[in-house]
Amino acid sequence: MKKAKVLFQIVSISFIVLFFQACSIKMPVSETTPSTNSFNDTVDSSKSIKLKFKSTLADDYKVSVGTQTDIFKVKHKDKDIDAQTFIKEGLQKEFSSRKLPIEFSLDSSDELTLEHFNILSRRTSAYSPMVTLSTLKIKVNYKGETKTFASFIKRGKVPLWSMSELYEPCYNEPTSLLIREVVAKINKEYFNYKLSDTKVYEIISKIEKDLAENKKLIYLDVYELAFSNNQIALNFLEKLTANIDEYVRLSAISGLGILGSEEQLDLLINLYQNSKLWQDRAMALKSIGDIGTTKALEFLRTEKNLFSLHDSLEANWNKIIFNLYLQ
């Protein structure tokens, strides 16, 4: 028994040493997966919007950020991610899946501009979770008016046997959700299409059943409610902000900002001020930014000024959110 314990300790120490010696680990990111529920049966071409796709990102722009980019190499098709191509193709697939009459055209005077796309990877030890913060920010200039659409997804997981266990939860699911979220916001702004009441109640019933059975990936359905643009989902999302499942809770908090209005602002401020976990506070901050009213943005500016004086991990990660919503 004592020998086995010593051997376990040696193996554990060796694993930790190897981890921090930083032999690089490739984290492959797949193509984004579009939504399965469309807002319409057919595309309404009479409401078609044509946009020229642009990017402010440099040719050598790095999607992977953080202090451990030399350890965790985020790749797409065995190369550094080409942010412009990756996001453009993801948006096109999501427009099509949602049956939104939007197309990219070089001849258009209206523009969709990619301004930011990052994946931050962080892991402190062989026993701690891999945490990824995935962020996306685009601007649409349509008929002389510019609107900003941003998204933020936090994920974390401890691999038990292989680093490949991180690919889906920490990279593929978040990047797909980034795309789905900004497209949901574009729909709300320019078309205001909605998932049907029947579909929303169907998703709610599925979530309730899956929660009772402790199933996995429930949070993806919660996000689908957030993207539905159907106010029927709001009361259910508010209830889920207190759920014991971390990612159900985070997706519900995020959904209040995507789907809600100033009526949800006090709840979000309360969640931000009283939540014990950083990720809950962070998602509340993000949703306050999504509400986007004068009162909401004033609150964000006040918090940004407070955190500008600090250099803690929470302060630095909050600054990522502030930069998505404040100029």
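Surface patches join residues with over 30% relative accessible area and no salt bridge, like charges within 9 Å and nonpolar side chains (Val, Leu, Ile, Met, Phe, Trp, Tyr) within 5 Å. By that rule, Val158, Leu160 and Trp161 make a nonpolar patch of about 420 Å². This is a predicted model: local features need pLDDT of at least 70, side-chain atom pairs count only at pLDDT 80 or more, and totals for chains, interfaces and linings use all residues. Numbering starts from 1 along each chain as its sequence is written, and side-chain values use heavy atoms, with hydrogens and water left out.

**Patch**
- Trp161 sits in the loop between β9 (145-157) and α3 (167-190).
- Trp161 is exposed (over 50% relative accessible area), at 81%.

**Sheet**
- An open, mixed sheet of 3 strands runs in the order β1-β4-β5.
- β1 (25-28) and β5 (79-80) are the edges; each has a single partner strand, so one side of each lacks a neighbour in the sheet.
- β1 pairs with β4 (residues 72-76) in the parallel sense, over 4 bridges; pairing takes at least two DSSP bridges.
- Lys26 has Lys73 in β4 as its bridge partner.
- α3 packs on this sheet and touches β1 and β4. Contact means heavy atoms within 4.5 Å.
- The direction of α3 makes about 45° with that of β1.

**Asp280**
- Asp280 belongs to helix α9 (residues 278-291).
- Asp280 is buried (under 20% relative accessible area), at 6%.
- Asp280 touches Arg249, Leu250, Ile253 and Ser275, leaving aside residues up to four places away in sequence.

How values were computed. Accessible areas come from the Shrake-Rupley method with a 1.4 Å probe; for residues, only the protein chains shown count as cover. A salt bridge is a side-chain nitrogen of Lys or Arg within 4 Å of a carboxyl oxygen of Asp or Glu. Helices (H or I, at least four residues) and strands (E, at least two) are DSSP runs, numbered from the N terminus. Buried means under 20% relative accessible area, exposed over 50%, partly exposed in between (1.4 Å probe, protein chains only). Axes are lines fitted to C-alpha atoms, for helices over the stretch in contact, and angles run from 0 to 180 degrees between N-to-C directions.
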